[in-house]
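This briefing goes through a two-chain model topic by topic. Please look over the sequence and the structure before reading on.

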Amino acid sequence: MISEEQQDQAALYALRLLGADEDAAFESELRANAELCDLVRELREAAGHVALTAPLQLPPASLKQRIMREIAVETERIVPMPTQRAAFSWVPWAIAAALAVFCGLLAFDRVRLERQLADIRTTDPLMQTTFFALAPSAPAPADAKATVAWQPGRQSGVIRISNLPAPQPGKDYQLWAVDAEHKDPISAGIVRVDKNGVAQVRFKPVEKAEHVKAFAISLEREGGVPKKEGPILLVGTT
Amino acid sequence: MAETSSAQQMLDQEMIARIGRRDQSAFSALYDRLSGPLYSLAMKMLGDPAEAQDALQDVFLQIWSRAGTYDPEQSSVFSWTVLLTRSRVIDRMRARGRRSRVVVASTEDAPTAADASTVESAADTAEKNEEAVRVRYVLNNLPSEQREAIELAFFEHLSHHEIAARLGQPLGTVKARIRRGLLKLRERLNNL
């Protein structure tokens, strides 16, 4: 049970209106009260949406360029460039020339291969399969992963999961297809892992999913839910 | 909930995970999705395009460097970025020793002459943003005294003491208005 005073504090905390001392005191209260934690999270979400009521204005395009340049510079800084030059400075040019010739040959070969691939695609069902790599999202273990092989034509797929520990009693893992044409993720059923954290399951979403952009696994109530409620553990696009 | 429907939340989380792995294309996509609402927030609070742009730049550089620390258990990606934006803007407001120049009279503010062209070009986008329209509708339908207290707190970052002084109301009344308003907002957004 959350008292009215706690609700007051939660609302002020969600809006960042508490002073440093009050903040610290309330945070220690939060650590001991899961229900209060949930309330704060929900109030923070609600408060976040207030931002959407500001009259919409768009930043100038130059700002994005500025930011992208900044992160590119930062990324380059992380990868140190070799500094030795001098006598062998012609070597990169020679390599570049050789690569250019090689690329020309590859481009020619690519056209031929694309034609062959188009022929195979029409006959081989495996070629009509799209693969999704699902990466962990907290609170899943960092080494948990999954791969989905999805056949849109057949509206079915296979998921293989590894390193995902069995959920606590009363919970199940549920697979979802995120489709561009649907507002909410489409349930693709419950997935049960073995004692080694491994599962390989064939699935079929409960609704037609013709434009799947991603697959995700969430932790839900035992038996599954019609609409996602729990936290996402694994998610991935193609 | 509105802007952060489940499907959108999943895609946002996927983008943040990719940004954590230094994926610039995911960063670019997230920028395209969120820069409008976040810039609008910064503009509403700071009222100055140059300052708002600087704040937005700080926010996105923070997203780039801190994507790995994002915790989906705590908030949606959208709320997380709103929180980062408010923090950066509040820091700027404090550093310059002043409050927002924007008077929060209504959520349907008319654009000023200086920014009319920007707002006009953005208006099409705003209309397409169905979720923003719904949230605005929900907020506008809160009792006016609750909406006013929330807006003063959110956009002007006035403390509950300052709001009480501004409105000439007892502190307890202001706290109750903020609490009731936020609880109602949560409930109505959940039912959208």
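Through how many residues does a hairpin join E4(A) to E5(A)? The hairpin between E4(A) and E5(A) runs through 6 residues. This is a predicted model, in which local features need pLDDT of at least 70 and side-chain atom pairs count only at pLDDT 80 or more, while totals for chains, interfaces and linings use all residues. Residues are numbered from 1 along each chain as its sequence is written, and chains are lettered from A and ligands numbered from 1 in the order in which they are written. Helices (H or I, at least four residues) and strands (E, at least two) are DSSP runs, numbered from the N terminus.

**The sheet of chain A**

- Chain A holds an open sheet of 8 strands with antiparallel pairing, in the order E5-E4-E7-E8-E1-E2-E3-E6; two strands pair if DSSP finds at least two bridges between them.
- The edges are strand E5 (186-191) and strand E6 (199-203) of chain A, each with a single partner strand, so one side of each has no neighbour in the sheet.
- On average, neighbouring strands of this sheet are turned by 20° against each other, direction ignored.
- E4(A) and E5(A) run antiparallel and are joined by 4 bridges; Trp176(A) has Ser187(A) in E5(A) as its bridge partner.
- E7(A) and E8(A) also run antiparallel, with 4 bridges between them, and Ala216(A) stands opposite Val235(A) in E8(A).

**The contact between the chains**

- Chain A puts 53 residues into the contact and chain B puts in 68 residues; two residues are in contact if their C-beta atoms, placed from the backbone, lie within 7 Å.
- On the side of chain A that touches chain B, two or more residues each come from helix H1 (4-14), helix H3 (34-50), helix H4 (61-78), strand E7 (212-221) and strand E8 (232-236) of chain A.
- H3(A) gives the most to that side, with 10 residues.
- By class, the side of chain A that touches chain B has 30 nonpolar, 10 polar and 13 charged residues. Nonpolar covers Ala, Val, Leu, Ile, Met, Phe, Trp, Tyr, Cys and Pro, charged covers Asp, Glu, Lys and Arg, and the others, Gly among them, are polar.
- Helix H1 (residues 6-20) of chain B lies across strand E1 (130-136), strand E4 (171-179), E7 and E8 of chain A, at about 75° to E8(A). Axes are lines fitted to C-alpha atoms, for helices over the stretch in contact, and angles run from 0 to 180 degrees between N-to-C directions.

**Chain B**

- Chain B has 9 helices and 0 strands.
- Of the 192 residues in chain B, 45% are buried; a residue is buried if 20 or more other C-beta atoms lie within 10 Å of its own, exposed if 12 or fewer, and partly exposed in between, with C-beta atoms placed from the backbone.
- Among the contacts in chain B with a separation of 6 or more, 66% link residues 24 or more positions apart.
- Helix H7 (residues 144-155) and helix H9 (residues 171-190) of chain B pack at about 95°, with their axes 8 Å apart. H7(B) and H9(B) are therefore roughly perpendicular, a term for angles of 65 to 115 degrees.
- The contact of H7(B) with H9(B) has 6 nonpolar, 2 polar and 4 charged residues.

**The nonpolar core**

- The largest nonpolar core has 99 residues, and those with the most contacts inside it are Val178(A), Phe215(A), Ala216(A), Ala42(B) and Ala153(B). Such a core is a set of buried Ala, Val, Leu, Ile, Met, Phe, Trp, Tyr and Cys residues joined through C-beta atoms within 7 Å.
- Helix H2 (residues 24-46) of chain B gives the most to this core, with 11 residues.
- Leaving out residues up to four places away in sequence, the residues that Val178(A) touches include Phe215(A), Ala216(A), Ala7(B), Met10(B) and Leu11(B).

**Single residues**

- Asn163(A), in the loop between strand E3 (156-162) and E4 of chain A, has a positive phi, near 60°, and is not a glycine. Asn163(A) is partly exposed, with 16 other C-beta atoms within 10 Å.
- His157(B) lies in the loop between H7 and helix H8 (160-167) of chain B, and its phi is positive at about 50° although it is not a glycine. His157(B) counts as partly exposed, with 19 C-beta neighbours inside 10 Å.

Key
Parallel < 35°, antiparallel > 145°, perpendicular 65-115°, else oblique.
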